[in-house]
Amino acid sequence: MAPVVTSVSPTQGNPTGGTPVTINGSGFIGATVVRFGPNFATNVAVVSDTQITARTPPGSGTAKVTVTGPTGTSTQNVFFTYTTVAAPVLTALSPTSGPTGGGNTVTITGTNLTGATQVLFGATPATILTNTATQITVTAPAGTGTVNVTVTTPGGTSNPLPYTYTTISAPTITSLNPTSGPTSGGNTVTITGTNLTGAIQVLFGATPATILTNTATQITVTAPAGPASVVNVTVTTPGGISNPLSYIYVAAPVVTGVSPQFGPDTGGNSVTVTGSGLALASAVHFGPGLATGFTVISDNQLTATAPPGTGTVVVTVTTPGGTSTLGPGNPYYTYLGAPVINSLIPNEGSSLGGDSVTINGSNLTYTDSVTFGGVPASFSVLSDNLAVATTPAHAAGTVNVQLHTPAGNSNTLPFTYDPA
């Protein structure tokens with residue numbers, strides 16, 4: 001079967017010939033002749049059974065491209081157009097220098113850059129990434145010293161611009177801030193060090209972070225998610241890979257209980273908070289209120305000083321792993337107003353005790369003791385405004401009656417014991 005030609009690239013070139021082209025198709029092994037119209041191409045090289053490279057002969061107009069091999073000549077209608085194309089002109093490189101190992105991206109700016117067939121750094125071709133009429137981006141090859149960069153298009157070869165290969169020091173990182181964060185990631189981490197310019201990648205373990213800012217001495221990144229563990233953070237630049245620094249992924253804390261679960265609305269009392277992941281606590285909140293102080297006892301326990309508040313609130317703990325959320329357990333804390341006694345009915349009784357006394361007041365629901373002259377009495381709470389106590393025996397005379405709740409002691413009212 002005769003060779004088959006499916007395409008030629010580029011599809012146009014200068015009438016003077018000499019344009020480098022790639023011919024694609026099949027059946028090219030053993031091919032001996034490539035023609036552009038009636039004219040023979042030069043520098044023909046069979047790359048594979050599906051590709052041939054060559055340089056165009058001089059010509060004009062539109063010429064059919066054919067390949068002749070041992071089994072015949074291709075017949076497909078693939079054409080190359082001879083046209084006067086302006087030679088490329090280079091105006092700038094960015095950057096103008098890079099590592100001797102290459103691999104960095106270089107942007108070439110100029111005019112007449114469409115259809116670039118080759119970009120050379122000295123005698124070494126670069127890998128073309130993007131190509132428009134005014135800009136080409138390439139991956140620089142390895143090299144040394146200062147070399148000329150040139151671009152070849154169907155219109156010819158451009159003017160040269162100098163590019164310098166430099167030895168770039170490997171990056172060094174000295175600190176991370178913060179050094180820990182939530183397993184969900186998403187927090188900003190600042191990396192400080194030297195030779196950090198042009199960071200290509202920042203890894204948390206094996207996971208890349210999103211680079212936000214980058215200077216010679218500082219990089220900020222958005223940490224990726226990761227399991228609760230310690231990982232190494234490294235920075236890669238054209239100069240190499242940095243030393244590692246440890247970063248701790250911290251699981252979010254859990255609050256399962258608080259004791260006591262009640263306290264005065266004025267705050268100031270000590271509350272024990274239990275749960276897990278509490279060791280790195282940075283804040284404790286009672287609803288919207290920030291605890292006025294706290295002490296970490298262990299990873300499972302801390303004590304906090306309750307701030308002022310009202311109603312029933314959720315106690316939360318914040319660590320580098322995040323803020324605790326509602327889950328198993330009872331993280332609720334209720335603020336209570338101080339108990340108040342408004343009246344005692346009756347306000348006198350026998351010194352033998354046993355009299356029923358109705359206590360009217362407010363904030364009585366959580367009453368935990370009633371005393372008559374310091375002597376505990378048995379009692380029942382009927383509502384937030386009403387309690388009934390049974391007087392204990394006491395010597396004749398007048399004593400103070402007082403209630404106590406988790407919010408503290410009530411005011412006192414007198415009760416008179418009559419001689420039996």
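**View 1. Contacts and overall dimensions of the whole chain.** Residues 24 or more positions apart account for 56% of those contacts in the protein that have a separation of 6 or more. The model is a predicted one, and its secondary structure comprises 48 strands and 0 helices. The radius of gyration of the protein is 43 Å, whereas a compact globule of 420 residues would have one near 22 Å. Along the principal axes, the C-alpha trace spans about 140 × 45 × 35 Å. Of the 420 residues, 39% count as buried, and the accessible surface comes to about 18800 Å², with 56% of that surface belonging to carbon and sulfur atoms.

**View 2. The largest nonpolar core.** This core has 18 residues, and those with the most contacts inside it are I108, V119, F121, I136, V138, V151 and Y163. The elements that give two or more residues to the core are strand 11 (89–94), strand 13 (105–111), strand 14 (118–121), strand 17 (135–139), strand 18 (146–153) and strand 20 (161–166).

View 3. One of the pairings joins strand 31 to strand 33 (residues 270–276), in the antiparallel sense and over 5 bridges; within strand 33, T274 is the bridge partner of G257.

View 4. G30 lies in the loop between strand 3 (20–26) and strand 4 (33–36). Which residues are in contact with G30, once its neighbours within four places in sequence are left aside? They are G69 and P70. G30 counts as partly exposed because its relative accessibility is 39%, a value that falls between the limits of 20% for buried and 50% for exposed. Strand 4 runs antiparallel to strand 8 (residues 62–69), to which it is joined by 4 bridges, and here V34 stands opposite V67 of strand 8. Strand 4 also pairs with strand 5 (residues 39–40) in the antiparallel sense, over 2 bridges, with R35 standing opposite F40 of strand 5. Strand 4 and strand 5 form a hairpin with 2 residues between them, and in its turn G37 has a positive phi of about 65 degrees.

**View 5. P227 in the loop between strand 27 and strand 28.** The loop in which P227 is found lies between strand 27 (218–222) and strand 28 (229–237). Is P227 buried or exposed? Its relative accessible area is 62%, so P227 counts as exposed, the cut-off for that class being over 50%. When its neighbours within four places in sequence are left aside, P227 is in contact with T183 and Y249. P227 and Y335 are 108 residues apart along the chain, and their C-alpha atoms are separated by 37 Å.

**View 6. Strand 44 and its two partners, strand 45 and strand 47.** Strand 44 (residues 369–372) runs antiparallel to strand 47 (residues 397–405), and 4 bridges join them. Strand 44 also pairs with strand 45 (residues 375–383) in the antiparallel sense, over 3 bridges. V370 has a bridge partner in each of these strands, namely L403 in strand 47 and A377 in strand 45. Strand 44 and strand 45 form a hairpin with 2 residues between them, and G373 in the turn has a positive phi of about 60 degrees.

View 7. The place of T371 is in strand 44. T371 counts as buried because its relative accessible area is 19%, and the cut-off for buried is under 20%. Not counting residues up to four places away in sequence, T371 touches P376, N400, V401 and Q402. How many Å separate the C-alpha atoms of T371 and G30? These atoms are separated by 114 Å, and the two residues are 341 residues apart along the chain.

Conventions:
Residues numbered from 1 in each chain as written. Predicted model: local features only at pLDDT ≥ 70, side-chain atom pairs only at ≥ 80, totals over all residues. Heavy atoms only, no water. Rg over C-alpha atoms; globule rule 2.2 N^0.38 Å. Buried < 20%, exposed > 50% of the residue type's maximum accessible area, 1.4 Å probe, protein only. Contact = heavy atoms within 4.5 Å. Areas by Shrake-Rupley, 256 points an atom, 1.4 Å probe, with all protein chains shown as cover. Core = buried A, V, L, I, M, F, W, Y, C linked by side-chain atoms within 4.5 Å. Pairing = 2+ DSSP bridges.
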